[in-house]
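This briefing covers one protein chain.

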Amino acid sequence: MPRKLSILLVLLALPLAFAVSFSAARSLLQAPASNPPAESVPAITSQPQVLAKSPQPDRQNRQRVLDVEFPTPGGSLLVRSEVPVRNDLTPPQASDLSVGGNHAPVSHAAPVIALPGTLVYTVKQRSESITLLARHFLAQTSYMTVPELEAAIRRANLDKKGNYFKKGDQVIIPGYEAMPFLEKPLAKSADSDVRAIYLTGYTAGSIKGIALIRHWKELGGNAVVFDVKDFDGLVNVPFENPLAPTRRPPISNLPKFVRFLHTLRLHAIARIALFLDAYQAQNHPQLIVRSRRSGGPWTENGKLAWVDPSNAEAQDYNLALARTAAQSGVDEIQFDYVRFPAEGDQADAQFYFQSRAFRAKHPDWQRKDVIVDFLTRAYSELHSLGVLVSLDVFGVMAWQRKVDLDHTGQDVAEMAKHCDVLSPMIYPSHFFHMDGFERPGEAPAHFINESMSRFRKITADTHVAIRPWLQAFGWRTPSYSPAYVHTQVLVARENGGVGYLLWNARNDYSKVFPAMPESGMLPRPQSTAQTASPKPQLAAPAVTLTAPAAGRR
């Protein structure tokens with residue numbers, strides 16, 4: 001009699017084992033977009049068969065063993081899973097398991113098994129929507145957007161048709177990462193041909209941004225620059241620091257975002273605006289530039305937006321943020337606003353390096369010495385973490401006017417010794433009243449050629465790579481078009497540019513994408529690299545440094 005009872009129990013358990021194994025196997029084979037293509041998995045031609053299943057977990061190892069055989073065109077595919085029993089999952093509170101809207105009886109003693117790469121979640125509320133579950137678990141899965149995870153949850157749960165799961169339902173969450181995401185920088189030489197677009201932190205962390213990144217990759221791009229911190233001072237990634245803004249960052253999981261870029265074989269460049277930081281200036285008065293006359297905050301054209309570049313606390317804050325990005329796996333740290341303020345009442349601005357205490361140690365230091373000292377320290381610390389360091393500089397600094405150097409502190413020849421890549425912002429439309437052009441934006445070949453030639457000459461004694469920022473916006477440029485972008489890329493390359501970065505503050509690349517199939521937008525031919533001879537030097541008229549909203553200078 002006991003033997004017959006055992007056989008009967010086994011026969012009764014087979015339908016349950018089939019339902020569990022088929023649901024788990026479907027979730028295992030449903031991979032996110034970033035995983036290898038589905039054609040690498042043999043096609044399943046009929047229902048799977050449960051070959052063996054341990055009825056109880058092994059008490060010593062706390063594991064269940066599940067063997068499932070899938071018939072395929074070439075024979076069969078055997079999947080064996082030895083998975084730990086999850087004590088943290090609440091067993092179902094009802095006798096029904098929701099699978100694609102169909103309900104089959106299920107015993108409390110046999111919950112759905114969480115195979116590797118999945119999580120079984122038991123609905124605890126009266127009902128929970130698939131969208132809500134996708135939002136809740138997105139940061140812990142390999143999926144990049146809520147709609148993608150929502151669709152994957154439906155597939156993993158036998159093509160769930162409805163929008164809600166009921167209380168007690170056990171829901172398979174695919175792509176689940178049990179451990180925190182860990183990513184490391186990928187080694188890349190500074191003179192690699194980088195082709196990148198710029199994304200704000202908000203865009204990078206959005207559905208639109210993910211689509212832009214994928215499309216850029218499809219068109220031949222191989223890198224993305226994204227804001228970790230822009231000039232507003234808001235930090236776009238998780239960052240624990242007493243000075244940091246407290247808000248929900250748009251890029252909620254930086255290592256995961258970087259892994260996504262790496263999966264697409266994209267070079268990840270984290271941009272950090274250094275000393276133009278409105279949040280810090282408005283919330284931490286110990287960091288600001290002071291007014292000599294009033295002793296209060298110094299403003300640039302009426303705006304309180306700058307921290308003191310010679311303030312040690314301000315420097316340490318930015319370096320801590322850069323280290324966080326490097327430890328999250330980004331391949332390159334790009335510093336922008338690596339300078340002192342260039343506008344406003346310069347005579348009224350009082351910086352810490354001008355104080356008696358500082359002068360006692362460094363009596364001869366000027367603004368350029370402060371910048372070089374900071375970069376020396378930053379370059380050493382960040383290189384040890386395996387990342388490249390790049391610097392954005394004013395395009396007009398190619399003309400080496402003393403007034404510009406005195407205000408900004410950007411001594412390009414010295415700065416180039418403490419970075420891997422120099423990225424001058426040589427937007428043609430920003431060269432106001434220079435070289436006799438009333439509309440400089442309409443002369444891209446001239447200004448790209450002249451700027452690149454001058455920067456190559458200034459940095460000739462260094463090993464720095466020059467990778468320019470090019471104009472991808474139409475401000476003061478009626479002729480802006482795909483051909484305009486193409487012209488800039490070709491001229492930059494002819495003058496020794498190593499790749500290019502395309503800037504559009506609104507992340508609108510509708511004129512860039514059509515230009516990508518052109519030969520000049522694709523990888524640089526090896527035979528033409530840095531073969532152009534420098535052009536004659538032109539005299540530089542007086543220039544007012546002004547940064548319009550369309551771009552940066």
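F257 lies in helix α6. The model is predicted. With a relative accessible area of 3%, under the 20% cut-off, F257 counts as buried.

**Surroundings of F257**

- Apart from neighbours within four places in sequence, F257 is in contact with M144, A204, I210, I213, F226 and I251.
- Between F257 and G205 there are 8.2 Å in space, taken from C-alpha to C-alpha, although the two residues are 52 apart in sequence.

**Packing of α5 and α6**

- Helix α5 spans residues 207–218 and helix α6 spans residues 254–263; their axes come within 11 Å and cross at roughly 25 degrees.
- Angles under 35 degrees count as roughly parallel, and α5 and α6 are therefore roughly parallel to each other.
- The crossing of these two helices, α5 and α6, is right-handed.
- On the α5 side the contact is made by I210, I213 and R214, and on the α6 side by F257, F260 and L261.
- By residue class, the contact of α5 with α6 consists of five nonpolar residues, one charged residue and no polar ones.

**Loop residues with positive phi**

- D159 is a residue other than glycine with a positive phi, near 55 degrees.
- The position of D159 is in the loop between α3 (146–156) and β8 (164–166).
- The relative accessible area of D159 is 33%, so this residue is partly exposed.
- R476, also a residue other than glycine, has a positive phi near 55 degrees.
- The loop that holds R476 runs between β19 (469–471) and α14 (482–494).
- R476 has a relative accessibility of 53%, and because the cut-off for exposed is over 50%, this residue counts as exposed.

**The chain overall**

- The chain contains 14 helices and 20 strands.
- Buried residues make up 53% of the 553 residues of the chain, and F257 is one of the residues that count as buried.
- Taking contacts between residues at least 6 apart in sequence, 75% join residues at least 24 apart.
- The chain has an accessible surface of about 25100 Å², and carbon and sulfur atoms account for 54% of that surface.

Definitions and conventions:
Residues are numbered from 1 along each chain as its sequence is written. This is a predicted model: local features need pLDDT of at least 70, side-chain atom pairs count only at pLDDT 80 or more; totals for chains, interfaces and linings use all residues. Side-chain values use heavy atoms; hydrogens and water are left out. Axes are lines fitted to C-alpha atoms, for helices over the stretch in contact, and angles run from 0 to 180 degrees between N-to-C directions. Helices (H or I, at least four residues) and strands (E, at least two) are DSSP runs, numbered from the N terminus. Angles under 35 degrees count as roughly parallel, over 145 as roughly antiparallel, 65 to 115 as roughly perpendicular and the rest as oblique. A crossing is left-handed if the near helix is turned anticlockwise from the far one by less than a right angle, and right-handed if clockwise. Contact means heavy atoms within 4.5 Å. Ala, Val, Leu, Ile, Met, Phe, Trp, Tyr, Cys and Pro count as nonpolar, Asp, Glu, Lys and Arg as charged, and the others, Gly among them, as polar. Buried means under 20% relative accessible area, exposed over 50%, partly exposed in between (1.4 Å probe, protein chains only). Accessible areas come from the Shrake-Rupley method with a 1.4 Å probe; for residues, only the protein chains shown count as cover.
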